[in-house]
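I opened this entry to keep a record of what I looked up and in what order. I began with the strands, then went on to the helices and the contact between the chains.

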Amino acid sequence: MKMSYEKEIKDATSDKLELTKKIDFSMMKYLWMANPLSSTRKNSIPRFLRNIELLKNFSDNELRILAKYMHNRKFTEEEVVFRAGEIGIGFYFIFSGTVELSHDELGGEVSKDKFLILDEFGYFGELALLQEGNQRTATAVARNKCELVGIFKPDLDTLIVRHPIVATKLIQSISIALADRLYYLTSEANKMFKRIKQLEAKHDSE
Amino acid sequence: MILSNRKNISKIQIVFFIAIIVLFCSLVLALPRISIPLSLAYILSLALTPIVNSLMALRLPKTLATLLIFIFLGVLIGLPLVKIIPLLSAETQNVQNIIPKIEQFIILQFQYLREFVKLKTGHEISDVYVYQGLEQLQVWSTSFVVKIPNYFANLMEWIFLVPFFTFFIIRDSHSFQKTLLSFTPNSIFERFYYVIHVFNRQLGNYFFAKFVEAIIVGGIITIGLLLLDVKFAIVLGFIAGLTNIVPYVGPFLGVIPAIVLGMVEYSMTSATMGAVLSLYAIANVVDIFFVFPFLVSKIVNLHPMIVAVSVIVGSHYLGITGMVISIPVVAAIKLIITEIYNEIYTERSR
């Protein structure tokens with residue numbers, strides 16, 4: 001004989017019988033949602049971006065908006081992300097895997113002197129977002145199977161008109177990194193200039 | 001298997017990607033009943049997206065922003081429509097009364113001409129052609145009247161389909177684009193994204209400029225006709241604005257109803273007719289010298305000959321819709337060709 005669940009409980013309690021054990025769905029759901037391993041992809045990109053030093057001035061909500069405008073790209077081993085000399089429009093963060101940046105003096109050939117290896121939480125190609133008709137100065141190759149999260153010039157254009165604050169913060173972050181690099185380069189150049197002057201003086205006195 | 005070989009994967013990706021694009025394009029071309037409202041909706045969405053963007057900058061969610069625009073447009077178009085429909089049916093009655101008038105007018109004019117020619121040269125012009133032409137006109141108009149329910153059904157379909165498509169294109173174009181990009185092969189990703197971005201931007205700018213142009217021209221003509229106290233001023237102004245979207249041919253198409261109505265209501269030599277014609281001329285001069293150079297020509301930089309050819313080809317395949325979309329499509333094709341040219345001749349040969 002079929003009864004409703006409520007009636008079953010009511011009868012059971014009135015007869016002082018032991019209640020049949022049922023699965024507690026709300027508790028199951030809570031445990032499932034709270035599981036750190038089962039986080040959905042939607043959440044994982046903002047969470048990944050949180051760990052990047054460059055984006056530390058973003059709030060959580062701003063990172064969520066930024067993540068909506070980013071693209072996931074999967075690369076297999078030895079696959080080229082971009083080549084030196086190509087026109088670039090993308091700025092990439094490394095979600096997983098390793099990317100190798102190399103000089104490339106011999107046309108399209110990737111030369112042996114690798115100068116930078118980046119892994120998780122690293123980023124590259126930021127100049128492409130700021131420069132008009134940016135030409136890549138290095139070649140980027142995936143060293144192993146890797147996943148990149150990229151933001152591209154069109155996305156930045158859309159962000160500027162739709163979410164001006166997020167766009168401003170992104171440009172600010174990149175500018176800070178670039179300004180630091182420029183400062184470092186200027187001081188290096190100054191050092192070199194002084195050294196040249198010293199060498200010239202030494203040469204003249206001899 | 002071929003699929004399991006890792007080295008082939010990028011080739012397979014490209015083939016898959018091209019296959020999807022070809023499939024989509026052929027579907028669009030094969031089904032004009034879908035593709036015409038779809039392209040109209042796309043054009044509308046391009047013109048409306050800047051407004052959605054500025055609403056989103058005020059921190060409104062996208063769906064709400066889109067809905068607000070639709071409610072606003074619905075009120076803006078719906079309210080006058082309620083008033084216009086009875087007016088329009090009355091005007092159709094008027095037109096029915098006017099058609100015999102036009103016929104009489106043509107016959108009368110022809111008789112004058114005939115007498116005039118006979119008086120001056122002694123020859124008599126045969127009147128067969130005129131009566132034949134009028135008969136043909138009658139056949140055309142009856143067939144048009146017979147087909148009206150058909151047109152009406154199409155129109156009803158569009159009235160529901162176009163806003164429906166427009167709403168979802170505006171709301172979801174970003175996720176459509178993201179999905180398309182997600183299976184774009186890595187090797188062409190950045191270039192492809194750049195090209196579709198420039199394509200959309202160019203098309204958007206073009207139609208935004210064209211809508212502004214149409215509103216300016218239509219506005220000048222409507223106000224002018226209202227001041228001249230000409231019948232059907234609003235309808236004529238609306239037609240003039242709408243036809244103005246078609247390059248070169250549009251202004252001439254726009255003036256035809258005014259000439260026909262003017263000839264019947266007034267006469268070819270009356271002052272009102274002259275004023276109406278000069279009003280159209282002024283509106284087009286304003287358009288050619290003040291609106292067009294600042295708005296449209298900076299966006300599409302095509303040779304006039306290419307423009308003329310593309311309008312003809314467009315009208316051949318897709319009718320009026322084809323005439324409207326031909327210019328931006330050709331501009332986009334030019335852009336893609338330039339991009340490929342740069343890729344082949346400047347990048348690799350460096």
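The model is a predicted one, in which local features need pLDDT of at least 70 and side-chain atom pairs count only at pLDDT 80 or more, while totals for chains, interfaces and linings use all residues. Residues are numbered from 1 along each chain as its sequence is written, with chains lettered from A and ligands numbered from 1 in the order in which they are written.

Sheet of chain A. I found that strand 3 (residues 90-96) of chain A runs antiparallel to strand 6 of chain A and is joined to it by two bridges; in one of the pairs I looked up, Tyr92(A) has Phe124(A) of strand 6 as its bridge partner. Both strands belong to an open sheet of four strands in chain A, with the order 1-8-3-6 and antiparallel pairing. Strand 1 and strand 6 (123-124) of chain A stand at the edges with a single partner strand each, so one side of each has no neighbour in the sheet.

Helices 6 and 7 of chain A. I noted that the axes of helix 6 and helix 7 (residues 164-205) of chain A come within 6 Å and cross at roughly 130°, where axes are lines fitted to C-alpha atoms over the stretch in contact and angles run from 0 to 180 degrees between N-to-C directions. The two helices of chain A are therefore oblique to each other, a class left over once angles under 35 degrees are called roughly parallel, over 145 roughly antiparallel and 65 to 115 roughly perpendicular. Leu156(A), Leu159(A) and Ile160(A) of helix 6 meet Pro164(A), Val166(A) and Ala167(A) of helix 7, a contact meaning C-beta atoms, placed from the backbone, within 7 Å.

Between the chains. I counted 15 residues of chain A in contact with 14 residues of chain B, and on the chain A side strand 1 (71-75) and helix 6 (153-162) each supply at least two residues.

Chain B. I read nine helices and zero strands here. Buried residues, those with 20 or more other C-beta atoms within 10 Å of their own, make up 20% of the 350 residues in chain B.

Key
Contact = placed C-beta atoms within 7 Å. Buried ≥ 20, exposed ≤ 12 C-beta atoms within 10 Å, placed from the backbone. Pairing = 2+ DSSP bridges.
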